[in-house]
Every structure is written in C-alpha cells, then in structure tokens.
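Reader: Please take a close look at the disulfides in this model and at the parts of the chain around them. I would like the criteria spelled out along the way.

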Amino acid sequence: MKLWLEIHLIVPETSFSLRTMSNQTLVTKFVLQGFSEHPEYRVLLFSCFLSLYSVAVTGNILIILAIAFNPRLRTPMYFFLFNLATMDIICTSSIMPKALEGLVLEENSISYGGCMAQLYFLTWAASSELLLLSVMAYDRYAAICHPLHYSTAMSKAFCGMLVAGVWALCAFNTAIHAGLMLRLDFCGPNVVAHFFCEVPPLLLLSCRSTYVNSIMIVLADAFYGILNFLMTIVSYGFIIASILKMRTADGKKKAFSTCSSHLVVVCVYYAAVFCAYISPVSSYSAEKSKLAGVLYTMLSPTLNPLIYTLRNKEVKAALRKLFPFFRN
C-alpha cells in the first residue's frame, strides 16, 4: 500500500479540468504507457524483468513447498513466511505478465475490468505484506523478549487468527478503494502513465470528483504507512533492547540470528516505500512512480526468498531434502 500523500492536493484541480469532457463516450479500455518513452531499452528491460519475475515466482514457490512438506518448519515464523511468499507471488503475478507484454507490443491496452482486477489484487497483496511484516515483527518480539511464554502466546490458533485477519482486513480495505474507483467515470484520455493500473494515474484520468477517493487513501496510508510502521519500529526497539541486555555473546548472536532475515526484509521494503513516496506534495512524477512500481512488484518479491534462504539454515536444509540437486 503506497503513500499517496500528495493525491488530495493534486487530484481536485485535475478532476475539475476534466469535467468539461463528461459528454464524451465512457472509456472501456485503458492504454498502459509502460516504458514507451525509452523504446531503445525494451529488449534490455524485457530480459531484466523476465529474469526477476522468474526468480521471484520460483523462489517463493520453493519456500512454500519447503515449508509445506517439512514438519520441522511448522512453527509460527515459517507459517508467516509461507503467507509472505504467497503474497509476493500474487503481487508480482498481478502485473508482470501484462508489463512484459507491454515491452513486446507497441501499444499495450487493458480492458476496464482487467484494469480494476489488476488494481485490486496488487493493492490487496501489497497492503497485506505491509501488515504481515508487522505481525512477523511481533512474533520475533514474543520469541526474544518473552521466550518462556512464546509457545503459549503464539499458539497455532492465534497465529491462524492473525493471518486470517491480515488477509480479511486488507481484502475489505481494498474492496472499499476498488468500489470507490468503480463509481468514477473515465470519459477523457485513457492513457495510464504507468506500466500497470495504479491509483494515482487512474484518478488523474477521472472526469468526476475524486475527493472521497483521496480522503480514503490518506486514511489508509495513515494506518498502513505510519501506524503500521511505528508498530514495527516499536517491536524491534524492544527486541534490540532485550538482545543488548543478554550477558553472553553467544546468546546475543543466537537471538539476533532469529530475526536478522526479517529485519533485512523490513528495511528493504520500507526503504523502498519512503525513498519512492515521501516527497514534496507538488513533485508527483510518473517516472518516480514507475521506479517505485519496480521496487514493489519485482525487486522485493525477488529479494525476499533469496534473503530468507541464504540466511536461514533450516530452509536450506528443507530445500536440500525436498530437492536433492540443491546439495551440489
């Protein structure tokens, strides 16, 4: 879920300018601009994006299989990792096939329904991942700060309830935004200044007032981008304080190793969010939004399985057991 903090100031002016076009035929399909402004890089971009997509899908599927077929990985941490890998697959698969098609074709069009479906599944997966990272931070907090009560605090029933709550809450939130988007009319230009359907460029094409959409987006950002981030920071604040209080170096090393992979993922994910979207209100840029899209939908789902497998002996052992060729 991205931080569209600039939308509520940009959209009203644009919406007003498009109302005069309300007598035109409503748009039934959109044209994704993609990376058409750099046609000389299409072959290179196609190769890079196809490679990233292949690694992301393959890596996350391997993690899912390793956790599903190894009884030793039936712990809360790996249960959350299983869901994170699922979210990554949904996130990247909702936009990458169409983005790759856009690099091959001169004009990459998408139907109105396809655009809304793409927006829904992408927003659902991205917001769910943000919320799940906070849940995983709490899991590490319980494991390190309260180890004696960990098995009771993070029972299977409670973990299942947490994950179900993440999926359901984000599905409901996304349904609200999708419903508000469906009420808009698009009767002017139909070129989306992005390589997938995203909220800001679509709002800029609306010929109806987008004020309600902007308010709901700001409220969602306040929860996902600010409150959610603070919850993660607080959890890791307690974790670091608890590790520093440990007397032995081995104890500190063991405690840190249990959360280091997740800490790396959190840093990469939120660094991408803040670098891409925390900027002056008047500086919204299609180029910047495309770069952010690459970070969220391609780079992050690719790095997550690599980070967790390269830094996790148990996952690597499970993969070697499941796939003997990994032993070489």
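**Strands, a helix and the disulfides**

Strand β1 (residues 29–32) and strand β3 (residues 191–192) run parallel and are joined by 2 bridges. Helices (H or I, at least four residues) and strands (E, at least two) are DSSP runs, numbered from the N terminus, and two strands pair if DSSP finds at least two bridges between them. The model is a predicted one, in which local features need pLDDT of at least 70 and side-chain atom pairs count only at pLDDT 80 or more, while totals for chains, interfaces and linings use all residues. Residues are numbered from 1 along each chain as its sequence is written, and side-chain values use heavy atoms, with hydrogens and water left out.

Strand β1 also pairs with strand β2 (residues 108–111); these two run antiparallel, with 4 bridges between them. Val 31 has a bridge partner on each side of this description: Ser 109 in β2 and Val 191 in β3. Ser 111 lies in strand β2 and is partly exposed at 41% relative accessibility. For accessibility, buried means under 20% relative accessible area, exposed over 50%, and partly exposed in between (1.4 Å probe, protein chains only). Between Ser 111 and Val 27 there are 9.3 Å in space, C-alpha to C-alpha, and 84 residues in sequence.

Helix α5 covers residues 112–145. Its 34 residues should span 50 Å at 1.5 Å a residue, and the end C-alpha atoms are 49 Å apart, which agrees; the expected span is 1.5 Å times one less than the number of residues.

Now the disulfides, of which the structure holds 2. A disulfide is counted here as a pair of cysteine sulfur atoms within 2.5 Å. In general terms, it is a covalent bond between the sulfur atoms of two cysteines.

One of the disulfides is formed by Cys 115 and Cys 197, with sulfur atoms 2.0 Å apart. This pair links distant parts of the chain, 82 residues apart: Cys 115 is in helix α5, and Cys 197 is in the loop between β3 and α8 (199–203). The torsion about their S-S bond is about -125 degrees, so the disulfide is left-handed. Cys 115 is buried, at a relative accessible area of 0%, and Cys 197 counts as buried at 1%.

Cys 187 and Cys 207 form a disulfide as well, their sulfur atoms 2.1 Å apart. Cys 187 sits in the loop between α7 (156–182) and β3, and Cys 207 in the loop between α8 and α9 (211–245), so this pair ties together parts that are 20 residues apart in sequence. Both Cys 187 and Cys 207 are buried.

With bonded cysteines counted along the chain, the disulfides follow the pattern 1-3, 2-4.
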